[in-house]
Each structure stands twice: as C-alpha cells, then as structure tokens.
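Thanks for making the time this morning.

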Amino acid sequence: MTKCLETILYIAITVVVCNFSGTEGARAKYVTCGSVLKLLNVAYNMRLHSHDVKYGTGSGQQSVTATEIQEDVNSHWVIKLKTGRTCERGSPVSCGDIIRLQHVTTKKNLHSHHFSSPLSGNQEVSAYGDDQGEGDSGDHWEVICSGDYWNRDSSVKLKHVDTNMYLAVSGRTFGRPINGQMEVMAMSQPRGEVEWKAAEGIYLHANDVKDHSYAHTEL
C-alpha cells in the first residue's frame, strides 16, 4: 500500500466523487475490513460522530454523538476485527463478525458499558482506548445483518457484545459545547433507531489492495 493511500485512509481529508457501474460496482458491494467509512443512522439521517470532548457525567470518557453535517472529518471510522484478531484488508465483513470501529481522528474505539447516557438515561456509548487504539472488550460490536456479508446498500444493527445492547440514536439534542448534535446510546430493543447504513467512505477490496487502487465515495 502506498504512502499516499495510508494518508488518505487514516487522515481522510481528500474529497473525491466517483460513480461505479458494472464490475467496479460489484466489487464495491460490501463493507470490508480496513475500510474508512461514515455510518448513517436510518431513523434520524445522522452520522456517527466523535471528537475530543469528554462527557460531563457518567464515565467521563470521550463523547460519541450523531451529526447531520455530511462533510465533518470527525465522522470517519476504521473497521477492524475484535482485539487480538487481524483480518486481510479488503476482505468482506461477514454477518455475525465481531468488529471494532476506530475513530480516525482520535484513535479511540466505539465503546459501551454500564453507565447511563447523559440525556435519555439509556446505556452510554463513548470512545475509548489508548494512543495505539487498544481498549478492551467493551469495544466489541457484533454485525447483525441478513445474508453472508455486510452489504453497503442494506441496513445493519450493531450489537454490543458485553451488554447485548444495540447502538442507537435517542433523538435528544445536546446544547453547548456540542450544540445541535444528537445523543448516541445503546438500547435493548432492536427498533428503528438501531438501524445503520454505510455512507461515504473509502472501501478497500482484496484485489484493490494488491494493485494500490480502491473504491471510494464522497467523504
């Protein structure tokens, strides 16, 4: 993989628009390991987001929210397998896989635990881990989808492994310093708020990694 591609993947500052059809469209069908993407909550049309702002209650860890702004660089996440496992970059994520979502800007992992969320009182979702992106089992999420693989055009659920709760958006809105962003939390009932779709991103595929090319949509 070229140095240029590494920069795009982990800083994600280049905006490119491409349309895919035929063979390229088929290769871009699945969400894959090592890809950088934004996750869109289907019910609220908001993107999963984080930033170096700590919760004032609960765990005090880095906050995770949802934003309506499409272009925000703080909404990029890298897909990895669970702690201690590696995968071939570009390999499709299977339904039932246990993954981590690492926040590109801060290197923290999407995390949950038995703290109350600040606005709705559901289960808190935070971003957690050291400077190398290593956290604990609270960073593990099971991909719940139909079929064999996570299809980019289909919605999925992300089930927290430690607590059996689903990643969701509550619909409640924060004030300062993250004014207008919605609360992200985890809930026990798999209702509409727990449905997510892959949105903008850079999607690696096995053959693309070998020839240093990749599929991407507008970031």
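What follows concerns the nonpolar cores, one lysine, and some of the salt bridges.

Please keep in mind throughout that this is a predicted model. The largest nonpolar core has 32 residues, and those with the most contacts inside it are Leu 48, Ile 99, Leu 110, Trp 150 and Leu 167. Apart from it lies another core, of five residues, which include Tyr 166, Ala 168, Met 187 and Val 194.

Let me turn to Lys 80, which sits in strand β4, residues 77-81. Leaving aside neighbours within four places in sequence, Lys 80 is in contact with Cys 33, Ile 99, Arg 100 and Gln 102, and its side chain is joined to that of Gln 102 by a polar contact of 2.8 Å. Lys 80 counts as partly exposed because its relative accessibility is 24%, where buried would require under 20%.

Now, the salt bridges, of which a search of the whole structure finds five. In one of them the side chains of Glu 134 and Arg 100 meet at 3.8 Å, N to O, with Glu 134 in the loop between β7 and β8 and Arg 100 in strand β5, 34 residues apart. Arg 100 is at 6% relative accessibility and therefore counts as buried, whereas Glu 134, at 37%, counts as partly exposed.

Another salt bridge, at 2.9 Å, N to O, pairs Glu 195 with Lys 157. Glu 195 lies in the loop between β11 and β12 and Lys 157 in strand β9, so the pair ties together parts that are 38 residues apart in sequence. Both of these residues, Glu 195 and Lys 157, are buried.

Conventions. Residues numbered from 1 in each chain as written. Predicted model: local features only at pLDDT ≥ 70, side-chain atom pairs only at ≥ 80, totals over all residues. Heavy atoms only, no water. Core = buried A, V, L, I, M, F, W, Y, C linked by side-chain atoms within 4.5 Å. Buried < 20%, exposed > 50% of the residue type's maximum accessible area, 1.4 Å probe, protein only. Helix = DSSP H or I, 4+ residues; strand = E, 2+ residues; numbered from the N terminus. Contact = heavy atoms within 4.5 Å. Polar contact = N/O pair within 3.5 Å; in protein donor to acceptor, adjacent residues only side chain to side chain. Salt bridge = Lys/Arg side-chain N within 4 Å of Asp/Glu carboxyl O.
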